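Thanks for making the time this morning. I would like to walk you through one model, going from its overall layout down to a few local details.

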Amino acid sequence: MTRSDASGDTVILVVDDEQDIIDLLDYNLTNRGYEVAAARDGQEALATARDIEPDLIILDVMMPEMDGLETCRRIRQDAYLRTIPVLMLTARTEEESMIEGLESGADSYLSKPVSIPVIVSQVRALLRSSKRNDTPPDTLSIHDLTIDRDRFIVIQEQENGSKEMHFPKQEFELLQFMASHPGTAFTRQEILDEVWGPDVYVVDRTVDVHVRKIREKIGSDYIETIKGVGYRFRG
């Protein structure tokens with residue numbers, strides 16, 4: 001199936017090595033009006049995603065050949081795929097697994113077994129968030145950073161020239177939101193509501209993980225931790 005075959009419908013790529021999971025999600029998502037494509041491992045997922053350009057990817061973690069974590073990392077490194085929302089599913093329930101999933105670039109993370117209504121709710125919320133953030137191209141310049149919405153890149157002026165960095169979608173949206181309000185402190189919940197949307201279920205720790213990833217890219221001088229409150233972009 002190519003994107004043109006979907007007749008303009010919302011296309012969801014389901015990636016799982018268990019056929020019964022694919023069939024379950026295919027049945028329930030199709031009945032709710034979504035177009036569903038499937039892949040059974042990471043390599044097939046990347047090839048299929050490049051072919052059909054899905055609106056959202058539901059990605060299992062535990063798969064042979066290439067697991068979901070590595071697949072998600074490669075999605076975020078791909079110029080054509082990096083802005084696609086990724087909902088990660090896993091049978092692992094420990095907090096470290098959730099953090100690992102978010103650090104790989106997932107937008108949201110659910111532990112199996114999950115109910116179909118919960119998955120559908122997350123799908124709808126992520127799609128709404130993606131459309132809400134799909135604003136006309138523009139740039140924001142602050143300090144030595146230029147945030148380019150058109151290309152989802154951040155350009156940092158350095159002593160030896162400019163450094164151009166590509167960001168995963170949620171990291172980019174978080175940085176742009178904070179940089180658009182310099183000097184204003186936000187709680188983690190306020191950041192979650194603004195960047196992920198109030199209907200997406202993610203824990204407060206998600207913000208900490210993404211802030212740490214942003215700091216690793218641009219340095220720790222821009223986003224300040226406000227003890228007992230949350231975070232603030234330096235004014």
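Which domains does the domain assignment of the protein give? Before I answer, please keep in mind that this is a predicted model. The assignment gives domain 1, covering 11-127, and domain 2, covering 139-233. Taken over C-alpha atoms, the centres of the two domains are separated by 24 Å, and the contact between them draws on 14 residues from domain 1 and 18 residues from domain 2.

Let me turn to charges. Side chains of opposite charge can pair when their charged atoms come close. Searching the whole structure gives 14 salt bridges, and one that I would like to show you is formed by R50 with D78, where the closest N and O atoms are 2.8 Å apart. This pair links distant parts of the chain, since R50 sits in helix α2 (residues 42-52) while D78 belongs to the loop between α3 (68-77) and β4 (86-90), 28 residues apart. Elsewhere, D17, E18, D20 and D23 form a negative surface patch, and of these residues D20 lies in helix α1, residues 19-31.

Finally, two points about the backbone. E53, placed in the loop between α2 and β3 (56-60), has a positive phi of about 50 degrees although it is not a glycine. Then there is the peptide bond joining K112 and P113, which is cis, with omega at about -10 degrees; P113 itself is found in the loop between β5 (108-111) and α5 (116-132).

I am happy to take questions.

Conventions
Residues numbered from 1 in each chain as written. Predicted model: local features only at pLDDT ≥ 70, side-chain atom pairs only at ≥ 80, totals over all residues. Heavy atoms only, no water. Patch = residues over 30% accessible without salt bridge, like charges linked within 9 Å, V, L, I, M, F, W, Y side chains within 5 Å. Areas by Shrake-Rupley, 256 points an atom, 1.4 Å probe, with all protein chains shown as cover. Salt bridge = Lys/Arg side-chain N within 4 Å of Asp/Glu carboxyl O. Lys, Arg positive; Asp, Glu negative; His and termini not counted. Charge placed at Lys NZ, Arg CZ, Asp CG, Glu CD. Helix = DSSP H or I, 4+ residues; strand = E, 2+ residues; numbered from the N terminus. Domains from an automatic or database assignment. Contact = heavy atoms within 4.5 Å.
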